[in-house]
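Biologist: I have the file open now. Can we go through it piece by piece?

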Amino acid sequence: MRKIVFLVLIMSLPGMDLLAQKTTQTENIILITFDGLRWQELFKGADSLMVDDTGLIDTPGSLLADYWHSDPKKRREMLFPFFWGTIATEGQLYGNRHFGNKVDNSNKMWFSYPGYNEVLSGFADDDRINSNSKINNPNVTFLEYLNQMPEYNGKVMAFGSWDVFPYIIHEERSGVPVNAGFDLAEGDDLTDVERTVNRIQQEIRGPWGGVRLDPFTHHFAMEGLKKHRPKVMYIAYGETDDWAHGGKYDQYIWSAHQTDAYIKEIWDWVQSDPEYKDKTTLIITTDHGRGITKTSWKSHGASVPEGGEIWMMAIGPDTPASGEMKIEGQWHSAQVARTVFKLLGMEYPDPKAGEVIKDMVR
């Protein structure tokens, strides 16, 4: 009788009844966002209008050897070898509008805070989330919901290059630790890597006031993954958007290529570790699109018609290896949150969130 009573008490904890019915293999989630990267580069590689434009690159010809080919399929493989060498064969990529496969923001702001809120909370909130100001998010993100559950409490982490992420995730209320902007690794048990990255970040500030260079975000995140072994991690790379705003197409391309390599490093480590191998789903997306001309490419927002055109991809044990999705349809970044919960074997608690991306979950 005591055992029965104890079992009933355990099953009454939030989320435990859903976990008991779990049929998916995913036990861990790594969500990655790639700030302001266009679907055009993802699916066609370097843009022919900009790849050697003297107004957008510092040195003529500097991109051609590594990133230019007349075949767009070759170009995209040159730019994103991991995406097109691994995710395209073992996972799924959404957003090639040439096939009518459309992914868009639900919000109509088409800039960062509204985009990240939509991805993380599952819905647009244009009335309240309409600037990039450092205001705590009134909406609960899927990270916060998970951190409230006994199964995930203390096992959710976030790392970002932009210093607004502690507010987007509402670090104070959610209890999710966020290392973002120019935050350093903290604690009495810092690893040699953390101490080194702390020092170098303080010595190399980068060109922007509120956004650190992505290598710092990446190496803090990698060390956090190895050291703390979270069940859920969010990593937000930011360089591509800032280089684009500055009109630096060469830096934008180099950063995009480097981020592909960073994501490969994450996946390779995940698949080499018994605790994560074949138990982890990687979801990658972006917060907004950007323009298509040499001028509008530098911008996004409601005044840029293409500003809400985005993409997403996934790889993991429950995602069929469909590769580049060529079926016609419409998807939104608001669907990510509920899909994360579905992969973890649970129903998302907020009815406002977008529906599950059904093709992404076997």
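Biologist: What do the buried residues of α15 pack against?

Modeller: This is a predicted model. In it, the buried residues of α15 pack against strands β1, β7 (280–285), β9 and β11 (329–332), and also against helices α7 (112–121) and α8 (142–147).

Biologist: How many residues of helix α15 are buried?

Modeller: 7 of the 8, counting over residues 336–343, so the helix is largely enclosed by the rest of the structure.

Biologist: Which ones?

Modeller: V336, A337, R338, T339, V340, F341 and L343.

Biologist: And what follows α15?

Modeller: G345 does, and its phi is positive, near 85°.

Biologist: You listed α8 as a packing partner. Where is E144 found?

Modeller: E144 is in helix α8.

Biologist: Buried or exposed?

Modeller: E144 is buried, because its relative accessibility is 3% and the cut-off for buried is under 20%.

Biologist: Which residues is E144 in contact with, leaving aside its neighbours within four places in sequence?

Modeller: I169, R173, S174 and V176.

Biologist: Changing topic to the rings. How many aromatic pairs does the structure hold?

Modeller: There are 19 aromatic pairs in the structure. One of them is F34 with W311, an edge-to-face pair with 6.2 Å from centre to centre and 75° between the planes.

Biologist: Where do F34 and W311 lie?

Modeller: F34 is in strand β1 (residues 28–34), while W311 is in the loop between β8 (309–310) and β9 (312–315).

Biologist: What about F165 and Y234, how are their planes set?

Modeller: Their planes are at 75° and the ring centres are 5.7 Å apart, so this pair is edge-to-face. F165 belongs to helix α9 (residues 165–168) and Y234 to strand β6 (residues 232–237), so the pair links distant parts of the chain, 69 residues apart.

Biologist: And their burial, buried or exposed?

Modeller: F165 counts as buried at 2% relative accessibility. Y234 counts as buried as well, at 1%.

Biologist: Back to F34. Which residues form one aromatic cluster with F34?

Modeller: F80, F82, F83 and W311 form the cluster together with F34.

Biologist: Now the whole chain. How many helices and strands?

Modeller: The secondary structure comes to 15 helices and 11 strands. The radius of gyration is 20 Å, close to the 21 Å from the globule rule for 362 residues, so the chain is as compact as a globular protein of that length.

Biologist: What box do the C-alpha atoms fill?

Modeller: Roughly 80 × 50 × 45 Å, taken along the principal axes.

Biologist: How much of the chain is buried?

Modeller: Buried residues are 58% of the 362. As for contacts with a separation of 6 or more, 71% of them are between residues 24 or more positions apart.

Biologist: Last one, charges. How many are positive and how many negative?

Modeller: The chain has 37 positive and 51 negative charges, and their mean positions are 4 Å apart.

Key
Residues numbered from 1 in each chain as written. Predicted model: local features only at pLDDT ≥ 70, side-chain atom pairs only at ≥ 80, totals over all residues. Heavy atoms only, no water. Helix = DSSP H or I, 4+ residues; strand = E, 2+ residues; numbered from the N terminus. Rg over C-alpha atoms; globule rule 2.2 N^0.38 Å. Buried < 20%, exposed > 50% of the residue type's maximum accessible area, 1.4 Å probe, protein only. Contact = heavy atoms within 4.5 Å. Lys, Arg positive; Asp, Glu negative; His and termini not counted. Charge placed at Lys NZ, Arg CZ, Asp CG, Glu CD. Phe/Tyr/Trp six-rings, centres within 6.5 Å; stacked < 30°, edge-to-face > 60°.
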